[in-house]
Amino acid sequence: MSKINEIKEQLSSSKVADRKKGAKIIGKEFLKELGDDLWAAYLKQVNVANSWEAQIMMINSLGLIRYKPAKDSLYKICLDNKEHDMITSYAAMAYTRIMRTSENDISAVFDLFKFGGFSVINGALRGISADRLMPKGEEINKLISLTENFPQKHEVGLGDLRMGLACACAGWDKNLISGFLERCLTGPDKQLGYVAEKALKKKYSDINLI
């Protein structure tokens, strides 16, 4: 059996572990040719109760392969703005990936800031760090301002909103981000402080949840 057919069988398996495995491989290996199969599996998965882990694995891979037919559904999840919701965070991350028109385009992140709650913005910012994007200087300043002025910066179970941005700073001009990172160091969140400290040394942290 070919690898492609094996993954297709995993996606249609009755076992959730198989479906998660197939979805993860598609994203990890950027198997765009399996986008339609992954999308069909996801549409079935959303109707399965208590299946958020499988859903976020599928959503994450849809974003990694830039599967454009998913963008409207992912945006709808963002608009619903559910709190304390991992699906929402990963939908935001996937949506911003799909909407990029160039390698370092973060315009979709700014669009989500117009209405997004904690879960939405948490996912959008983590996407920037996960892909090690290199925005323009004025965009970096805008991201820092929007994030620091966000009304709710910490949520139990999801951590500090600044985590994704602090991690992304590892690749950016220190003159632009040092003040922000130093302020992250003074807060009560020890993990955020650890990520900020590493970023000041130009080192990325692994903050991925899957």
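Visitor: Is Lys76 buried, exposed or partly exposed?
Guide: In this predicted model, Lys76 is partly exposed, with a relative accessible area of 46%.

Visitor: Which side chain does Lys76 meet in a salt bridge?
Guide: That of Asp80, with an N to O distance of 3.1 Å.

Visitor: And where do Lys76 and Asp80 sit in the helix?
Guide: Both belong to helix H5, residues 71-80. They are separated by about one helical turn, because they lie 4 residues apart in that helix.

Visitor: Asp80, buried, exposed or partly exposed?
Guide: Asp80 is partly exposed, at a relative accessible area of 41%.

Visitor: How many salt bridges does the count come to?
Guide: The count comes to 9 salt bridges. Another of them joins Asp131 and Arg97, whose closest N and O atoms are 2.9 Å apart.

Visitor: Which parts of the chain does that pair link?
Guide: Distant ones, 34 residues apart. Asp131 is in the loop between helix H8 (118-130) and helix H9 (137-148), while Arg97 is in helix H6, residues 86-98.

Visitor: Arg97, buried or exposed?
Guide: Arg97 counts as buried, because its relative accessibility is 4% and the cut-off for buried is under 20%.

Visitor: What about Asp111, which side chain does it meet?
Guide: The side chain of Lys114, in a salt bridge of 3.5 Å from N to O.

Visitor: Which residues do salt bridges with shared partners join into one network?
Guide: Arg97, Arg100 and Asp131.

Visitor: Back to Asp111 and Lys114. How exposed is each?
Guide: Asp111 is partly exposed, with a relative accessible area of 35%. Lys114 has 69% relative accessibility and so counts as exposed.

Visitor: Changing topic. How many disulfides does a search of the whole structure find?
Guide: The search finds 0 disulfides.

Visitor: Is Cys169 buried or exposed?
Guide: Cys169 counts as buried, at 0% relative accessibility.

Visitor: And Cys78, buried or exposed?
Guide: Cys78 counts as buried, with 0% relative accessibility.

Note on methods:
Residues are numbered from 1 along each chain as its sequence is written. This is a predicted model: local features need pLDDT of at least 70, side-chain atom pairs count only at pLDDT 80 or more; totals for chains, interfaces and linings use all residues. Side-chain values use heavy atoms; hydrogens and water are left out. A salt bridge is a side-chain nitrogen of Lys or Arg within 4 Å of a carboxyl oxygen of Asp or Glu. Helices (H or I, at least four residues) and strands (E, at least two) are DSSP runs, numbered from the N terminus. Buried means under 20% relative accessible area, exposed over 50%, partly exposed in between (1.4 Å probe, protein chains only). A disulfide is a pair of cysteine sulfur atoms within 2.5 Å.
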